[in-house]
Amino acid sequence: MLGGTQSLHVDTYDEAFSVPSERTLLPSVRTQQIIEAETQVTQVVDPLAGSFYVEALTNEAERRVLEELDEIERMGGLVEVVDNDWLHSKIASYIQREHKMIEEGKIKVVGRNVYTSKDVDLPPIEASQFREDVQKQMIAKLARLRQKRDNEKVENTLNALVDTCKSGKNIMYATVECARADATEGEMRKAFTRAFGTWRPPIYA
Amino acid sequence: MATKKIKVLMGQFSLETHTRGLFVVSGMLRDAGMEVVLIGNATPEQIIETAIQEDVDAIGISTYCGGELPLGRDLIDQAAKRGIKERTAFMIGGIFPPEDEPQLKKIGFDGVFPPGAVSSREAICDFVKKAVESKQSA
């Protein structure tokens, strides 16, 4: 909010588990409404502008980002550092180091390694249930589509998409043709895999 | 008696986009002296195929996006079909509805790790060691 955000979404406490319910959404909506209605923060653009501390942090963050980008450029660019595993190894080792710091209490996480309570009564998580009937309906709908469409045309447009991908030309027109022939997203995705192969994360032992 | 290094295959199902848990737990197991093979995103079939090729002792799945019940069931079914279910320890961890935990155990996961203290470094590493031991002595 203080950074001048144009959109704010407060997650519900059960958001990680499933689509939230109206009951769990209420505290999130109320949180947003309190910020909007009671603080008047939306009446001013960038209220922290000029704060020596925030400006210094912003400059420091910017400096470090540019430093990282320079390093990646020196190594041959983003594609190169993904290909040679540098980027993912760096991310993996960073989050492992960060996790250790949480375990050691060097990074504090309230409720986890600081201010923890043993017998806290957590609110129940009522995850919305996966509906098998919906799954069956969707599969049946897909089967109907595959039966009624011109499958030879689908095959041809998908093959043309593969060729376009390999040629290095703009793939948008070929993709639109696939969609017009009622090819599914999954089938188009498979065409991309046929043309480009697939990326696998670095395997380390 | 020389003990063989425990070898664990770590992966997640095809549509999972969250990798933090996978990387963190893989690092924990490696720090505990185990050999980790990280497969990343894969179908149950691909995971079991790799498990056979790499001759692993345990399989760990990280999950958050959902679908852990049907895909978990597929994974264990594939393992049974390919004849490695009895000798492999199966673990799954991440974020899933609390009521899915007993279901995952019923499906055949030896260890189920939801968020919290029950999934600490010590708890996970000890579990893997014991599960592999008991599978292999059975």
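Modeller: Along the sequence, chain B runs β-α-β-α-β-α-β-α-β-α. That comes to five helices and five strands. Helices (H or I, at least four residues) and strands (E, at least two) are DSSP runs, numbered from the N terminus. The radius of gyration of chain B is 14 Å, close to the 14 Å of the globule rule for 138 residues, so chain B is as compact as a globular protein of that length. The radius is taken over C-alpha atoms, and the rule is 2.2 Å times the number of residues to the power 0.38.

This is a predicted model: local features need pLDDT of at least 70, side-chain atom pairs count only at pLDDT 80 or more, and totals for chains, interfaces and linings use all residues. Residues are numbered from 1 along each chain as its sequence is written, chains are lettered from A and ligands numbered from 1 in the order in which they are written, and side-chain values use heavy atoms, leaving out hydrogens and water.

The C-alpha trace of chain B spans about 45 × 35 × 25 Å along its principal axes. Of its 138 residues, 49% are buried. Buried means under 20% relative accessible area, exposed over 50%, and partly exposed in between (1.4 Å probe, protein chains only). Chain B exposes about 6500 Å², with 53% supplied by carbon and sulfur atoms. These areas come from the Shrake-Rupley method with a 1.4 Å probe; for residues, only the protein chains shown count as cover. Among contacts in chain B with a separation of 6 or more, 71% join residues 24 or more positions apart. Contact means heavy atoms within 4.5 Å.

Now the core. The largest nonpolar core has 23 residues, and Ile59(B) and Phe109(B) have the most contacts inside it. Such a core is a set of buried Ala, Val, Leu, Ile, Met, Phe, Trp, Tyr and Cys residues joined through side-chain atoms within 4.5 Å. Elements giving two or more residues to this core include the strands β1 (7-13), β2 (35-42), β3 (58-63) and β4 (89-94) of chain B. α3(B) gives the most, with four residues.

Ile59(B) has contacts beyond its neighbours within four places in sequence. They are Leu9(B), Ile47(B), Ile48(B), Ala51(B), Thr88(B), Ala89(B), Phe90(B) and Met91(B). Met91(B) also belongs to a second, separate core of 22 residues, which includes Ala92(A), Val8(B) and Leu22(B).

Next, the cysteines. Cys65(B) is partly exposed, at 46% relative accessible area. Cys125(B) is buried, at 5%. The structure holds zero disulfides over all chains. A disulfide would be a pair of cysteine sulfur atoms within 2.5 Å.

Finally, chain A. Thr184(A) sits in the loop between α7 (172-180) and α8 (185-196) of chain A. It is buried, with a relative accessible area of 16%. Not counting residues up to four places away in sequence, Thr184(A) touches Leu142(A), Leu145(A), Arg146(A) and Arg149(A). Asp85(A) lies in the loop between α3 (78-83) and α4 (86-103) of chain A. Asp85(A) is not a glycine, yet its phi is positive, about 75°. At 26% relative accessibility, Asp85(A) is partly exposed.
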